[in-house]
Amino acid sequence: MGLAVKARPLTYVAHALAVVGTVLVLVWTIHFRGGLAWEATNKTLIFNIHPVLMLIGFIILGGEAAVSYKSLPLKKEQKKVVHLILHAVALILGIVGVYAAFKYHNEAGIDNLYSLHSWIGIGVISLYAIQWIYGFIVFFYPGGSPGLRSESVPWHVAFGLFVYVLAVANAAIGFLEKLTFLESSGVSKFGSEAYLVNFTAITTILYGVFVIISIHAQGDPAPADEYSYSAI
């Protein structure tokens, strides 16, 4: 059951929060943490790729894919292609972001997969991949039967929301974990960097909230020759 509010204005708020989140994470990693690099003697520059790709690539692009059925004034088949492509790009960038964290740990001599954040992260990226592959096969190519597609839609939406909520929650855990490490190494708990990281986490959570609300809100009326659904 959809919410008795229009989705389009809510998606505008989500887009604005996406821009704010992008700016905040780039300011943090570039201004405060020294920049981004795939190869560097300063291994922190390698790690910085992780939060950038996980927020901009995974959380934000994944969220934009989720609301594309409600935010784009296109025909259903066109929305489906946009939805599919954005989720694919989000998945690819998420995988690269996870690999960047492993690369940083390996080159800095830090153990892998010791934290709750890393455990949930591996689970989320795996579930996201399963969700995308199933959606591609059933809804795009080769495509399931009309009955299978109809039965799959509510499960596709529910499972996608579950994975997305996990991803947003784990991003918040990741910001908390990294800030805790930084504070233990001398970063002021009440300094500008600490406030920036906390505000980035809050913006990420708010973005996720507006994505989820937008999905459940009322979309634009579908043309008479099309049926509409809110796939994620």
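Predicted model: local features only at pLDDT ≥ 70, side-chain atom pairs only at ≥ 80, totals over all residues.
Colleague: How are two packed helices described?

Modeller: Two packed helices are described by the angle between their axes and by the distance between those axes. Take helix 3 (49–71) and helix 4 (76–108). Their axes are 8 Å apart, and the packing angle is about 165°. That angle makes helix 3 roughly antiparallel to helix 4, because angles over 145 degrees count as roughly antiparallel.

Colleague: Is the crossing of helix 3 and helix 4 left-handed or right-handed?

Modeller: Helix 3 passes helix 4 in a left-handed crossing. The residues of this contact divide into 17 nonpolar, eight polar and four charged.

Colleague: At what angle do helix 3 and helix 6 cross?

Modeller: Roughly 150°, with the axes coming within 11 Å. Helix 3 is therefore roughly antiparallel to helix 6. The crossing of this pair is left-handed.

Colleague: Which residues make that contact?

Modeller: From helix 3 there are L55, F58, I59, G62 and G63, and from helix 6 there are Y164, A167, V168, A171 and F175. By class, the contact of helix 3 with helix 6 has eight nonpolar residues, two polar ones and no charged ones.

Colleague: How do helix 6 and helix 7 lie to each other, parallel or antiparallel?

Modeller: The axes of helix 6 and helix 7 come within 10 Å and cross at roughly 175°. The two helices are therefore roughly antiparallel to each other. Their contact holds 17 nonpolar, five polar and two charged residues.

Colleague: How does the lining of the largest pocket divide by class?

Modeller: The lining of the largest pocket has 22 nonpolar, ten polar and two charged residues.

Colleague: How many cavities of 30 Å³ or more does the structure hold?

Modeller: Two. The second largest cavity has a volume of about 30 Å³. Its lining consists of L17, A18, G21, L55, I60, T203, T204 and Y207. L55 also belongs to the contact of helix 3 with helix 6.

Colleague: Which helices supply at least two residues each to the lining of the second largest cavity?

Modeller: These are helix 1 (7–32), helix 3 and helix 7 (192–216). By class, the lining of this cavity has five nonpolar, three polar and no charged residues.

Colleague: What is phi of L113, and where is the residue placed?

Modeller: Phi of L113 is near 55°, a positive value in a residue other than glycine. L113 sits in the loop between helix 4 and helix 5.

Key
Residues numbered from 1 in each chain as written. Heavy atoms only, no water. Helix = DSSP H or I, 4+ residues; strand = E, 2+ residues; numbered from the N terminus. Nonpolar A, V, L, I, M, F, W, Y, C, P; charged D, E, K, R; others polar. Axes fitted to C-alpha atoms, helices over the stretch in contact; angles between N-to-C directions. Parallel < 35°, antiparallel > 145°, perpendicular 65-115°, else oblique. Left-handed = near helix turned anticlockwise from the far one by under 90°. Contact = heavy atoms within 4.5 Å. 1 Å grid on protein atoms, 1.4 Å probe; cavity = no way out; pocket = protein on both sides within 12 Å on 5 of 7 lines; lining within 4 Å. Points joined across faces, edges and corners; volume = space filled by probe spheres on them.
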